[in-house]
Amino acid sequence: MPESQHTQRVAGTLTDRSSAAVGGSSVQLAAANGDRRYLLIQNVAAVVVWVNFGTAAVADQPSIKILADGSLVFEDNFVPTSTVNVIAASGSGNKVVCKEG
């Protein structure tokens, strides 16, 4: 592979920011982190969740919709460093996995 196409591997530790208390009000999963290089958000709830960055999540645009059993990953060239906020479309006690590195 030519040097210009070589991707350097980065190793690190993942920090768990998961929550089992996502409901109808926006909650912060992770604080702003200027050193964040990886972010995984996985919806393990049976309902849709919405994610927003730097401001409260709402159950509509401009938040990002994650279907049940869906996930959202940021890595490589762009990873948001602002707060990570989430809201569920319905219910309470919905589980969302969040890992950052």
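Hi everyone, let's start with Asn94: leaving aside its neighbours within four places in sequence, Asn94 is in contact (heavy atoms within 4.5 Å) with Ser19, Ala20, Ala21, Val22, Gly23, Ala45, Val47 and Ala88. Before I go on, this is a predicted model, where local features need pLDDT of at least 70 and side-chain atom pairs count only at pLDDT 80 or more, while totals for chains, interfaces and linings use all residues. Residues are numbered from 1 along each chain as its sequence is written, and side-chain values use heavy atoms, with hydrogens and water left out.

Back to our residue. Asn94 sits in strand 9; strands (E, at least two residues) are DSSP runs, numbered from the N terminus. Is Asn94 buried or exposed? Asn94 counts as buried because its relative accessibility is 10%, and buried means under 20% relative accessible area, exposed over 50%, and partly exposed in between, with a 1.4 Å probe and protein chains only. A polar atom of the Asn94 side chain also lies 3.0 Å from the backbone oxygen of Ser90.

Now, on to charges. Side chains of opposite charge can pair when their charged atoms come close. How many salt bridges does the structure hold? There are three, a salt bridge being a side-chain nitrogen of Lys or Arg within 4 Å of a carboxyl oxygen of Asp or Glu.

One of them joins the side chains of Lys99 and Asp16, at 3.6 Å from N to O. This pair links distant parts of the chain, with Lys99 in strand 9 (residues 94–100) and Asp16 in strand 1 (residues 15–16), 83 residues apart. Lys99 is partly exposed, at 25% relative accessibility, and Asp16 is partly exposed too, at 46%.

Next comes Glu100, whose side chain meets that of Arg17 in a salt bridge of 2.8 Å, N to O. Here again distant parts of the chain are linked: Glu100 is in strand 9, Arg17 is in the loop between strand 1 and strand 2 (19–22), and they are 83 residues apart. Glu100 is buried, with 3% relative accessibility, whereas Arg17 is partly exposed at 32%.

Glu100 has another salt bridge, with Arg36, where the closest N and O atoms are 2.5 Å apart. Arg36 lies in the loop between strand 3 (27–30) and strand 4 (39–43), 64 residues from Glu100. Arg36 counts as buried, at 1% relative accessibility. Through shared partners, salt bridges join Arg17, Arg36 and Glu100 into one network.

Notes. Helix = DSSP H or I, 4+ residues; strand = E, 2+ residues; numbered from the N terminus. Polar contact = N/O pair within 3.5 Å; in protein donor to acceptor, adjacent residues only side chain to side chain.
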